[in-house]
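Please look through the structure below with its chains and their contacts in mind.

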Amino acid sequence: MTQPLERVQTSASERDLAIATRGLTKRFGARAAVDGIDLVVPRGSVYGFLGPNGSGKTTTIRMLLGLVRPSAGTSSLLGQPIPKGAQAVLPRVGSLVEGPAFHPYLSGRANLRRLDAADLAADPRTSRQRIDAALDRVGLLATAGKRYRAYSLGMRQRLAIAAALLMPRELLVLDEPTNGLDPQGTREVRHLVASLASDGTTVFVSSHLLSEVEQMCTHLGVMSDGRLVTQGSTFEVRGGAAPTARVLTDQPTVAARILSELGLNGVEAVPGGVRGTPDGVAPEKIVAALVEGGVGVKEFTVTSPSLEDLFVSLTGEGFDVSG
Amino acid sequence: MSAAEPVLADVPERGPGGRVPPSRWLSARLLRSELRLIAGRRRNQMGLLVLAAVPVLIAVAVRLSSPREGRGPDFLSSITSNGLFVPLAALGVELGLFLPLAIAMLAGDAVAGEANLGTLRYLLTVPVGRTRLLVTKYASLMIGALWGVAVVVLAGAIAGIALFGTGPMLTLSGTEISFGSAVWRVVLVSLYIAAGLAALGAVGLFISTLTEQPLAATVALMIFTILSWIADSVPQISWLHPWLLVDQWMAFGDLLRDPPFWDNIARGLWVDVAYAVVFGLLAWARFAGKDITS
Ligand SMILES: Nc1ncnc2c1ncn2[C@@H]1O[C@H](COP(=O)(O)OP(=O)(O)OP(=O)(O)O)[C@@H](O)[C@H]1O
Ligand SMILES: [Mg+2]
């Protein structure tokens, strides 16, 4: 399942990558929060950076943005080495790191004005338009005059996204952008990411909500306990998991025998029927064989495992945070 | 959230979408934003009110307790013929605690406060270079020091002049100088005291890079100040006194002699510069490579 990694690496030189890391590692004390990961994020992709709580997503993002110094390994953003080239490249990168953070007694707009004032690359003459455009894009224009401390969690999250959109960006690094948003807001963020991506912006988005990533990402990377356990295009990552054929019938024993004879793997009984892994056997062949064998087929399905199942199979079932 | 609308469609074309080539390293914009942040904070406004209240209290108290015309001793009445003694007395009183406290609060907010709010990580990813951020923060602390002193002096001058008038000033040497030259002496005293407070601000900036708790930085700087005052008053460790930041702070009285006595003032300014340089460098050394995990 980790093969896609090499394939991408050989096909794309570092210049064509929005993010590239080699052996990137961060140790806090003896424990490695991020353990030698090789990220490959092609330009123009929407890269879903998945992993359970504490798997090292935010720490990786902090290293990519030059906030934290890696213990080992190298990284580059849009072809520039980090942290050395950070000042040159960060104006082209919008980011959201571990949730929103603003001055509570300033209004949303005043907070954005402050960030814009801090940016040497921002033209002060267009500041007002850019701030209003960013606020409008996240639907905060009407509440921009309110003090930040009076904002709800979702409004705060939206303001943080607006801050990342103050300038035109080539790369957006978004750490759990939909955290705290209502379903409507989540969908809007997904639309926003899609529209940014269609303009050519590369989006690197971390999440532990698989459903949202599944729908918007062209590429996936899965973290588990500080390691990158798989990476590649969504198709490749999904392709690694075998589909399952399921037959609902009143004659499970006969059905199981037929499936085994056809060469299906791992045939077993399930409530109301049997299932197995087709392994290249065409579904229509299976149905024909079952009917020929006199099995009354009530329902026949072939499903790829959901990303959810895949995720659990990669990162482990346990609820406890490792660490 | 209108996702379909292009964000930057109506931005006039000056570079791609509002981006300008960063020509300058320091920007007045960030410093202005910083000062607006400091000035807009309710707590700081209250602090300025307290700083301004002290000289007013002094003026009123002296007015009420001073004997009627002609009956008091010559000395007191000759001091109180010029209202500018009020800001000078107020500076002397507030230099012990209130003015250092004001600097300590600003210094606590400077780095530790931003780290505590989490805004530090967003400033650094804008990006604001770490050295540029420290230099801007220190510039705002120096301006804050001057600001605090100016508030004390202006409030004192207004209250003093209103209650005592603009007669000639009695210098500490016993001579009299005109009101006009007295004003200049007050300006010199203000600058001298602001320089001392700015040096204290460098110590505060360093402490502020050590913690993510603004209150801890404030308290630590106050402990530093108070310990300095205590050490300065213990004669058994007089060898240490020339190295203490506060040692020459009260020497501002030398500027009120005729002619001014410069030796201690010069010594005080050297100590200020030394503290500012040493602690400024320490702050930089600490902050430049620090992991920002807040
Ligand atoms: N400043 C720190 N000091 C010590 N350990 C840390 C520090 N920051 C993070 N860690 C540890 O590093 C590991 C990874 O943390 P990180 O915040 O990167 O996880 P994450 O994938 O972002 O999790 P979540 O989904 O909960 O946001 C955790 O075990 C955490 O305890
Ligand atoms: Mg995180």
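Predicted model: local features only at pLDDT ≥ 70, side-chain atom pairs only at ≥ 80, totals over all residues.

**Salt bridges within and between the chains**

The side chain of Arg41(B) meets that of Asp109(B) in a salt bridge, with 3.1 Å from N to O. Because Arg41(B) sits in the loop between helix 1 and helix 2 (42-65) of chain B while Asp109(B) belongs to helix 5 of chain B, the pair ties together parts that are 68 residues apart in sequence.

Asp109(B) also forms a salt bridge with Arg43(B), at 2.8 Å from N to O. Here Asp109(B) lies in helix 5 of chain B and Arg43(B) in helix 2 of chain B, so this pair links parts 66 residues apart in sequence. Arg43(B) counts as partly exposed, at 28% relative accessibility.

Of the 294 residues of chain B, 50% count as buried, and among its contacts between residues at least 6 apart in sequence, 79% join residues at least 24 apart. Chain B exposes about 13,600 Å², of which carbon and sulfur atoms supply 71%.

We turn now to the interface. The size of an interface is often given as the accessible area lost when the parts come together. Between chain B and chain A this buried area is about 4,600 Å², with 57% given by carbon and sulfur atoms, and the contact takes 49 residues from chain B and 57 residues from chain A. Across the interface there are 19 residue pairs in polar contact, counting pairs with both residues at pLDDT 80 or more. On the side of chain B that touches chain A, helix 1 (28-40), helix 5 (98-117), helix 6 (119-124) and helix 7 (130-164) each supply at least two residues; the residues of that side divide into 22 nonpolar, 12 polar and 15 charged.

The count of salt bridges between chain B and chain A is 4. Lys26(A) and Asp291(B) meet through their side chains in a salt bridge of 2.6 Å, N to O, while Arg114(A), Glu34(B), Glu114(B) and Lys137(B) are linked in a network of salt bridges.

Over all chains, a search of the whole structure finds 24 salt bridges.

Technical notes
Residues numbered from 1 in each chain as written. Chains lettered and ligands numbered in written order. Heavy atoms only, no water. Buried < 20%, exposed > 50% of the residue type's maximum accessible area, 1.4 Å probe, protein only. Contact = heavy atoms within 4.5 Å. Areas by Shrake-Rupley, 256 points an atom, 1.4 Å probe, with all protein chains shown as cover. Buried area = accessible area lost by both parts, 1.4 Å probe. Polar contact = N/O pair within 3.5 Å; in protein donor to acceptor, adjacent residues only side chain to side chain. Helix = DSSP H or I, 4+ residues; strand = E, 2+ residues; numbered from the N terminus. Nonpolar A, V, L, I, M, F, W, Y, C, P; charged D, E, K, R; others polar.
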